[in-house]
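Q: I would like to learn how to read helix packing in a model. Could we go through one together, feature by feature?

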Amino acid sequence: MHSILFFAFCVTIHGLEEDPMTTYYRLYQYGVQFYNEKNFTVAKSLFEKALEDYHFYHQNAINCRVECRREKSTLVENLEESRKVLDILEINIFENFIHHSKCIKRCYKRVFGERPDHHHNSETKRIDKDFEDGRIFQYLQFSYYELKDYTKAASAAYTYFLKHPQDQNARHNVQMYREKFEVKDEEFVDLERKPYQVKVIFFKGDCTIFTI
């Protein structure tokens, strides 16, 4: 009976992770819930998926804005080249704004499909701040630590440290993985590093790390 319940539980979590309607907000909320219940296996899986979706959403949102800004620039250039009078250009400012808004909506629809709208309220703002401040990496670090995956825990600790280099606890955690768990310098990975960035790590004294 216990094995059947466990299997059903795993299927439910897998369905939650794979559901395209599930945003990083929901994944993160469930991750924190399971973390607090000390179910670190499920928690780390949800946090990983939340991070993936967070980057997917924000990168594509930027891409849509850039795409529509270029389209807007082309419209303005065409109007100027046609030497229309200034008052017509001013009238078209509002039309361009409407066109830009519609362009963003079309792009979002094309990229995100039926994904729920990105509504802002106190809870979603708090979650966004947890991502921006790197709090999710603290959750990931301790989840990996409890699962004895010290290399991944070290990378999560390192990523959080890069956001908070003056945080003594963060500094201590990175040093602990180097000394106590013998994680090699090259195994520390900045989980937020962009593909075009070059990773350079310097350990000097108690702990000094940089990523370029």
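A: Let us begin with a backbone detail: helix 6 is followed by K148, whose phi is positive, near 65 degrees. Helices here are DSSP runs of H or I with at least four residues, strands are E runs of at least two, and both are numbered from the N terminus. The model is predicted, so local features need pLDDT of at least 70 and side-chain atom pairs pLDDT 80 or more, while totals for chains, interfaces and linings use all residues. Residues are numbered from 1 along each chain as its sequence is written, and side-chain values use heavy atoms, leaving out hydrogens and water.

Q: How many helices and strands does the protein have?

A: There are 8 helices and 0 strands, so the order from the N terminus reads α-α-α-α-α-α-α-α. Of the 212 residues, 34% count as buried (buried is under 20% relative accessible area, exposed over 50%, partly exposed in between, with a 1.4 Å probe and protein chains only). Contact means heavy atoms within 4.5 Å. Among contacts between residues at least 6 apart in sequence, 65% join residues at least 24 apart.

Q: Which residues of helix 6 and helix 7 meet?

A: From helix 6 come R135, F137, Q138, L140, Q141, Y144 and Y145; from helix 7, Y150, K152, A153, A156, A157, T159, Y160 and K163. They divide into 9 nonpolar, 3 polar and 3 charged (Ala, Val, Leu, Ile, Met, Phe, Trp, Tyr, Cys and Pro count as nonpolar, Asp, Glu, Lys and Arg as charged, and the others, Gly among them, as polar).

Q: Which residues of helix 7 are buried, and what covers them?

A: The buried residues of helix 7 are A153, A154, S155, A156, A157, Y158, T159, Y160 and F161. Their cover includes helix 6 and helix 8 (168–179). In turn, the buried residues of helix 8 pack against helix 6 and helix 7.

Q: Is L191 buried or partly exposed?

A: L191 is partly exposed, at 38% relative accessible area. Located in the segment after helix 8, L191 is in contact with F137, S155, A156 and T159, leaving aside neighbours within four places in sequence.

Q: At what angle do helix 2 and helix 5 pack?

A: Helix 2 (residues 24–36) and helix 5 (residues 122–132) pack at about 80 degrees, with axes 10 Å apart. They are therefore roughly perpendicular to each other. Y24, Y25, Y28 and Q29 of helix 2 make the contact with E123, T124, I127, D128, D130 and F131 of helix 5.

Terms used. Axes fitted to C-alpha atoms, helices over the stretch in contact; angles between N-to-C directions. Parallel < 35°, antiparallel > 145°, perpendicular 65-115°, else oblique.
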